[in-house]
Amino acid sequence: MTLRVRLAALADLPVGKGTCVAVAGHRIAIFRFGDAIHAIGDRCSHAEASLAEGEVFDGTVECPRHGSAFDLITGIPVSLPATRPVEVYAIEVVDGEVFTTLDPIVEDES
Ligand code: FES
């Protein structure tokens with residue numbers, strides 16, 4: 001079941017830096033550049049460091065743990081050691097509120 005969820009108020013997102021939002025089992029790193037918003041999975045595909053804490057360069061974010069850079073549009077790593085992409089979330093801004101759609105992640109309790 002796909003959900004449309006509110007992530008943040010646009011005005012609360014810092015420009016040029018990441019913000020981590022946890023919702024419906026997802027941990028999402030949101031990056032704002034003016035009115036443009038990019039959202040990718042926050043867990044680095046190499047060893048799960050928070051990409052929201054990374055530095056942003058030329059449309060990429062650099063993982064703060066081992067330095068892989070991820071493209072903010074495609075989620076694809078453009079440098080090692082990460083080799084697998086992170087999830088990309090489509091963003092919609094309506095009346096100053098930032099939304100995405102996602103499939104909730106349900107933790108297996110068995
Ligand atoms: S945890 Fe991100 S590159 Fe290793």
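The model is predicted. The protein chain has ten strands and zero helices, so that its elements, read from the N terminus, run β-β-β-β-β-β-β-β-β-β. The radius of gyration is 14 Å, close to the 13 Å given by the globule rule for 110 residues, and the chain is therefore as compact as a globular protein of that length.

**Overall dimensions and contacts**

- The C-alpha trace of the protein chain spans about 45 × 35 × 20 Å along its principal axes.
- Buried residues make up 27% of the 110 residues of the protein chain.
- When contacts between residues at least 6 apart in sequence are considered, 41% of them join residues at least 24 apart.

**The four-strand sheet**

- Four strands form an open sheet in the order S2-S3-S4-S8, and their pairing is antiparallel.
- The edges of this sheet are strand S2 (18–23) and strand S8 (88–89), each of which pairs on one side only.
- S2 and S3 are antiparallel and are paired over six bridges; within this pairing, threonine 19 has isoleucine 30 of S3 as its bridge partner.
- The hairpin of S2 and S3 has two residues between the strands, and alanine 24 there adopts a positive phi near 50 degrees.
- S3 and S4 are likewise joined by six bridges in the antiparallel sense.
- Two residues lie between S3 and S4 in their hairpin, where glycine 34 in the turn has a positive phi of about 65 degrees.

**The three-strand sheet**

- A further open sheet consists of three strands in the order S5-S6-S7, again with antiparallel pairing.
- Strand S5 (55–57) and S7 are its edge strands; each has a single partner strand, so one side of each is left without a neighbour in the sheet.
- From one strand to the next, the twist of this sheet averages 30 degrees.
- Three bridges connect S5 with strand S6 (residues 60–62) in the antiparallel sense, and phenylalanine 57 has threonine 60 in S6 as its bridge partner.

- Strand S9 (residues 91–94) and strand S10 (residues 97–102) run antiparallel and are joined by four bridges.
- Isoleucine 91 is bridged to threonine 100 in S10.
- Two residues separate the strands of this hairpin, and aspartate 95 has a positive phi near 50 degrees.

**The largest nonpolar core**

- The largest nonpolar core contains 20 residues, of which Ile28, Ala29, Ile30, Ala39, Ile40 and Leu51 touch the most other members.
- At least two residues of this core come from each of strand S3 (26–33), strand S4 (36–41) and strand S7 (69–71).
- S3 gives the most to the core, namely four residues.
- S3 is also mostly covered, with six of its eight residues buried.
- Which residues does leucine 51 touch, not counting residues up to four places away in sequence? They are Gly18, Ala29, Ile40, Asp42, Cys44, Val61, Cys63, Phe70 and Val86.

**Threonine 100**

- Threonine 100 is located in strand S10.
- Is threonine 100 buried or exposed? Threonine 100 counts as buried because it has 22 C-beta neighbours inside 10 Å, and the cut-off for a buried residue is 20 or more.
- Apart from neighbours within four places in sequence, threonine 100 is in contact with Val5, Leu7, Ala39, Tyr89, Ala90 and Ile91.
- One of these contacts, Ile91, is also the residue whose bridge partner is threonine 100.
- Another of these contacts, Ala39, is among the core members that touch the most other members.
- Threonine 100 and leucine 51 lie 18 Å apart in space, C-alpha to C-alpha, and are 49 residues apart in sequence.

Terms used: Residues numbered from 1 in each chain as written. Predicted model: local features only at pLDDT ≥ 70, side-chain atom pairs only at ≥ 80, totals over all residues. Core = buried A, V, L, I, M, F, W, Y, C linked by C-beta atoms within 7 Å. Buried ≥ 20, exposed ≤ 12 C-beta atoms within 10 Å, placed from the backbone. Contact = placed C-beta atoms within 7 Å. Pairing = 2+ DSSP bridges. Axes fitted to C-alpha atoms, helices over the stretch in contact; angles between N-to-C directions. Rg over C-alpha atoms; globule rule 2.2 N^0.38 Å.
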